[in-house]
Amino acid sequence: MSESIDLGLGLLDHQLLDKDGRRCGNVDDLAIEGGPGEPAEVVAILVGPDVWRERAGWIGRIAAWVARGGRVRIPWGEVAEVSAHVQLKKTAAEYGLGRGDDRLRPYIEKIPGSHR
Amino acid sequence: MNKIFGVALGILAAIGGFVDIGDLVFNVAAGATFGYQLLWVVVIGVVGIITYSEMCGRVSAVSQKAVFDAVRERVGFKAGLITLIAAEIVNAMTLTAEIGGVAICLQLLSGLPYRLLIVLAAIVLAIVVWIVNFDWIERIFGYGGLCLLVFAVAAVKLHPDWGAVGHGFVPHVDTGNKLLYGYFAIGLLGAAMTPYEVYFYSSGAVEEGWTVKDLGLNRLNAIVGYGLGGFLSFALMIVGGALFLGKGIDPATLGSIAMGAEVPLGQIGLLLALIGILFAVAGASIDTLFSGAYDLAQFCGFEWGRHKSPAGAPRFTLTWIVLLILAMLAVMTGVDAVKLTEFAVIFSVVALPLTYLPILLVANDKAYMGNYANGRLANVLGILYLVIIMIVALTAIPLMLLTNLGQG
């Protein structure tokens with residue numbers, strides 16, 4: 001991991017990958033701690049449409065409502081690597097990420113040829 | 001040798017895949033209205049799409065990011081969301097127009113009822129996308145689209161005034177109706193630079209795992225594929241000009257566009273033209289279908305890929321199925337596919353800066369791109385085109401209204 005990254009450009013809104021390289025959401029927001037005068041520290045990554053509410057005014061609230069997803073908090077210690085994408089240490093399922101795909105998959109699999 | 005053969009085949013498929021319903025409609029209509037005068041605008045459009053496709057392919061190869069990854073990371077969530085909404089609306093309009101085009105071609109070929117053919121077209125497209133490996137989709141529709149080369153033969157057979165054709169490549173305005181001329185110029189630029197092409201192209205580059213080793217291939221693909229595709233656009237406009245100009249005929253249907261090959265070449269010309277249009281427009285339907293799903297998946301971060309099985313990327317699969325059904329229902333309302341094409345192209349022009357600005361920013365960003373950031377040529381062209389795009393975006397809707405969709 002490089003020594004320093006620009007949080008706005010180098011981390012926020014980047015693609016999340018689980019340990020197997022599965023795409024499982026984006027870095028929708030960051031939880032940053034530290035009072036006035038203290039060094040600020042990223043403590044967690046926030047993922048899920050629920051986070052969108054706070055990011056884009058009424059359009060964000062509508063998007064969050066349409067996507068109907070919750071919010072997942074991933075402690076910063078779970079991040080394995082930050083490069084082009086943000087790689088996590090465990091599988092998506094262990095964090096509760098990628099649930100939309102996991103719930104939908106059984107229905108898709110009912111149609112022949114879904115695993116060509 | 002095998003590699004060269006592969007590249008050649010890819011380029012052939014790209015030529016067949018370049019032309020979509022927007023190019024067909026605007027090039028022939030521009031020819032019918034202004035003869036060969038607007039050929040120079042096609043050149044500008046083709047250089048523009050080459051410039052930005054090369055940039056997108058390079059960003060994908062270097063950073064493994066497709067366009068909508070880059071858009072959101074670079075301009076942030078809110079501007080990214082607005083871009084996404086604009087892109088999805090334009091994409092859905094384009095998809096609807098393309099599927100309408102498929103149904104019209106099928107009707108001209110078979111004589112069966114239009115509404116039945118819309119449903120049939122949607123079902124066949126869904127089955128093809130579901131079961132056929134994408135490499136084969138690309139080949140089938142790309143090579144089928146090559147039948148459009150019949151328009152190049154037709155253009156020669158119609159014995160156009162080659163001096164006038166040559167003069168058309170020199171930028172000039174030689175008409176009393178400057179508004180209408182401007183409207184067609186904007187439409188031609190929009191048709192050549194349709195944003196779904198770069199979404200699709202960059203996502204493919206990420207999926208195929210391009211690295212900096214593929215940058216040469218990227219440049220070759222962009223220049224030769226789009227360049228030769230532009231050649232087809234010239235042919236369409238020349239046919240439109242030679243056949244329809246001054247005859248008071250407005251080629252407002254795909255059937256009249258196909259007539260452009262029938263008049264000089266007879267039945268076989270008509271048949272090749274219709275098959276070419278069918279494959280080109282059906283291929284573009286699949287491209288737009290995937291583009292809509294790519295954009296949403298990349299913005300939201302869920303799994304995507306045209307090379308994945310349907311179950312390998314469930315929400316991506318659901319997205320394209322829903323888009324296909326919506327487009328099918330929209331065509332069923334009886335909306336005129338050619339009119340809708342004009343709307344789709346003009347609205348896509350308005351959305352162009354939102355797509356191309358983030359790409360230009362990312363391609364210049366040393367943090368992403370390292371030594372592969374834009375060089376001077378890419379930047380001069382990139383900025384020049386961004387300025388052109390912005391002017392065009394601001395004037396597109398007023399011109400559309402003032403000219404009553406090009407009716408004068």
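I looked up the pairing of strands β1 (residues 15-17) and β2 (residues 23-26) of chain A, and found them antiparallel over two bridges; strands are DSSP E runs of at least two residues, helices H or I runs of at least four, both numbered from the N terminus, and two strands count as paired if DSSP finds at least two bridges between them. Gln15(A) stands opposite Asn26(A) in β2(A), and in this hairpin, with five residues between the strands, Gly21(A) has a positive phi near 85 degrees.

I note that the model is predicted, that local features need pLDDT of at least 70 and side-chain atom pairs pLDDT 80 or more, while totals for chains, interfaces and linings use all residues. Residues are numbered from 1 along each chain as its sequence is written, with chains lettered from A and ligands numbered from 1 in the order in which they are written.

Next I traced the open sheet of three strands in chain A, whose order is β3-β4-β5 with antiparallel pairing. Because β3 (29-33) and β5 (72-75) of chain A are edge strands with a single partner each, one side of each has no neighbour in the sheet. Five bridges join β3(A) to β4(A) (residues 41-47), and Ala31(A) stands opposite Ala44(A) in β4(A).

Last I checked phi at Arg68(A), which is positive at about 50 degrees although the residue is not a glycine. Most residues other than glycine have a negative phi. Arg68(A) lies in the loop between α3 (57-67) and β5 of chain A and is exposed, with 9 other C-beta atoms within 10 Å (exposed means 12 or fewer, buried 20 or more, partly exposed in between, with C-beta atoms placed from the backbone).
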